[in-house]
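Welcome! Here is a short tour of one protein model, taken a step at a time.

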Amino acid sequence: MSASIPPGFERCTNCREFNGKTAARYLSWGLPPDPLEADSSDSELWDRLRDLKSQVAATMDPDKIVSVTCLCHGPLCRRCGVVHVHKPGSNSYDLETNTIEHWPGFFGMIPCAACRAGIAPEDSSN
C-alpha cells in the first residue's frame with residue numbers, strides 16, 4: 001500500500017525521510033487487520049480488539065497537529081559518531097503505511113543500525 005504524502009510534510013533531500021507538520025486526519029492510525037487474513041482462532045478477541053481500537057479512534061482529534069523530523073535532525077550515534085540516529089522524543093513518517101513512528105527518549109542511548117550489526121559505518125554519513 002502506498003499513500004500520498006500528507007500536506008505539510010516534505011522529503012529531506014539528504015536522508016529521504018520527512019520533515020514538517022500535518023493534521024492527524026491525513027494519517028492512518030493502525031486499524032486492526034482483518035481476522036480472516038490472520039489467525040482467527042479467537043474471533044471474540046478480534047471483535048474486542050476492533051471495538052477497543054474504534055473507541056480510541058473516536059477520541060482522536062482530527063485537527064491535532066502531528067510533527068515529524070528526519071534523521072538529519074537527530075544526534076550522531078554515541079558509539080561511532082558517524083551515523084545520525086532519530087532524535088529522542090521525535091516522530092518519523094512511514095510513507096508506505098501512512099503512519100507515524102515515535103522515537104522515545106531512551107532511543108538516544110541505542111547505537112545506530114550499523115553499530116548494532118557490528119559493521120563499521122562509512123564516514124559519508126547522512
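## Strands and their pairing

Two strands pair if DSSP finds at least two bridges between them. Strands (E, at least two residues) are DSSP runs, numbered from the N terminus. This is a predicted model, where local features need pLDDT of at least 70, side-chain atom pairs count only at pLDDT 80 or more, and totals for chains, interfaces and linings use all residues. Residues are numbered from 1 along each chain as its sequence is written, and side-chain values use heavy atoms, leaving out hydrogens and water.

Let's begin with strand β1 (residues 9-11), which runs antiparallel to β2 and is joined to it by three bridges. Phe9 has Gly20 in β2 as its bridge partner. Six residues lie between the strands of this hairpin, where Arg16 takes a positive phi near 70°. On to strand β3 (residues 65-68): four bridges pair it with β2, again in the antiparallel sense. Here Lys21 has Ser67 in β3 as its bridge partner.

## An aromatic cluster

Phe9, Phe18 and Tyr93 form one aromatic cluster (ring centres within 6.5 Å). Phe18 and Tyr93 make an edge-to-face pair (planes over 60 degrees apart), with 5.2 Å centre to centre and 85° between the planes. Phe18 is in strand β2 (residues 18-23) and Tyr93 in strand β4, 75 residues apart.

## A neighbour of Tyr93

Asn98 sits in the loop between β4 (90-94) and β5 (99-103). Its relative accessibility is 9%, so Asn98 counts as buried. The side chains of Asn98 and Tyr93 are joined by a polar contact of 2.6 Å. Such a contact is a pair of N or O atoms within 3.5 Å; within protein, one must be able to donate a hydrogen and the other to accept it, and residues adjacent in sequence count only if both atoms are side-chain atoms.

Technical notes:
Buried means under 20% relative accessible area, exposed over 50%, partly exposed in between (1.4 Å probe, protein chains only). Rings of Phe, Tyr and Trp (its six-membered ring) pair if their centres lie within 6.5 Å; planes under 30 degrees apart count as stacked, over 60 as edge-to-face and the rest as tilted.
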